[in-house]
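The structure comes first, then the findings.

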Amino acid sequence: MRTLETTNISGFVNEFILLGFPCSREIQILLFVVFSFIYLLTLMGNTSIICAVWSSQKLHTPMYILLANFSFLEICYVSSDVPIMLANLISQTKSISYADCLLQFYFFSSMCAAECLFLSVMSFDRFIAICRPLHYPTLMTHHVCAQFVIFCWVGGCLWLLTPLTLISQVPFCGPNTIDHFFCDLAPLLALSCAPIPGITLTCGIISSLIIFLTFLYILGTYFCVLSTVLQVPSSLGRHKAFSTCGSHLAVVFLFYGSLMVMYVSPGSGDYRGIQKFVTLFYALATPFFNPLIYSFQNKDMKEALKKFLYVLQ
């Protein structure tokens, strides 16, 4: 494993070593096979949702347009860290350049921020559909939906520009070993060779703020939805409303639950053991489960998927 060799003439790090999962060669190969299988299924599942929405005229509504964009986001999200993780599992060097490390941090974090925004917009869509059903056609037009989509993508990319700029100013002069499987914020800042309390605090606040603000907003919208649903006189109407929101709520708690463990649990700065597993869960497992949740819980989506698969035959 290289450490001193990766510094340039001025003494600053040119590349980092991603420690990943330090275990025997046999277990690393097993992890490579398992993670590769999950990654391929994730790509196939989210791509199938995009194709189903695209091919079915019935699904050309704001809710499903948001879902298709969300699925494309999941593909970008999982592809920002998993390919490098898989390469390092079978590689002897496990190195990543300084520029690629910063780029991976920015891309992964931006996709995470965009996912928070998309989940918030999708909860707003359900709030309007259930709490203001008569106003839904005028409030959630295709034009408004397109603006929301642009807001989520651009907002996610812009939100992390400040942390990226701050991290690029952090001096790294060794050691250069990151005890993680990708370039995450905390283990990266821990390698600084100078005290950076201000940068650490600023990056932490910016990264945490979008998580907690969007989560509180989603809880607020669904509190209003729940209050409205409980006032529906018929049990059939309540069941239909709950089934409409059930899949989205499942994804929300799956994603935010793992993130909250990282930010709220004691010792969240320790990336060994359970914390590394939790990061792996929301980075790989969450995008894998999302298409399963949405397709199994939604009758229209299942019908569209069947028609799309039939056309391919």
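## Disulfides in the model

A search of the whole structure finds 2 disulfides, a disulfide being a pair of cysteine sulfur atoms within 2.5 Å. This is a predicted model: local features need pLDDT of at least 70, side-chain atom pairs count only at pLDDT 80 or more, and totals for chains, interfaces and linings use all residues. Residues are numbered from 1 along each chain as its sequence is written, and side-chain values use heavy atoms, with hydrogens and water left out.

Counted along the chain, the bonded cysteines pair in the pattern 1-3, 2-4.

## Cys101 to Cys183

Cys101 is joined to Cys183, with an S to S distance of 2.0 Å. This pair links distant parts of the chain, 82 residues apart. Cys101 sits in helix H4 (residues 98–131). Cys183 sits in the loop between strand S3 (177–178) and helix H8 (185–189). Helices (H or I, at least four residues) and strands (E, at least two) are DSSP runs, numbered from the N terminus.

The torsion about the S-S bond of Cys101 and Cys183 is about -120°, so the disulfide is left-handed. Cys101 counts as buried because its relative accessibility is 0%. Cys183 is buried too, with a relative accessible area of 0%. Buried means under 20% relative accessible area, exposed over 50%, and partly exposed in between (1.4 Å probe, protein chains only).

## Cys173 to Cys193

The other disulfide joins Cys173 to Cys193, with S to S at 2.2 Å. Cys173 lies in the loop between helix H7 (161–168) and S3, and Cys193 in the loop between H8 and helix H9 (197–230), so the pair ties together parts that are 20 residues apart in sequence.

Cys173 is partly exposed, at 34% relative accessible area. Cys193 is partly exposed as well, at 35%.

Cys145 is in no disulfide. The sulfur of Cys152 is 9.3 Å from its closest cysteine sulfur, in Cys145, which is too far for a bond. Cys145 counts as buried at 1% relative accessibility. Cys152 counts as buried at 0%.

## A nonpolar patch

Trp159, Leu201, Ile205, Leu209 and Leu213 make a nonpolar surface patch of about 470 Å². Patch residues have over 30% relative accessible area and no salt bridge; like charges are joined within 9 Å, nonpolar side chains (Val, Leu, Ile, Met, Phe, Trp, Tyr) within 5 Å. A salt bridge is a side-chain nitrogen of Lys or Arg within 4 Å of a carboxyl oxygen of Asp or Glu. Accessible areas come from the Shrake-Rupley method with a 1.4 Å probe; for residues, only the protein chains shown count as cover.

H9 gives the largest share of the patch, 4 residues. Leu201 is placed in helix H9. Leu201 is exposed, with a relative accessible area of 55%.
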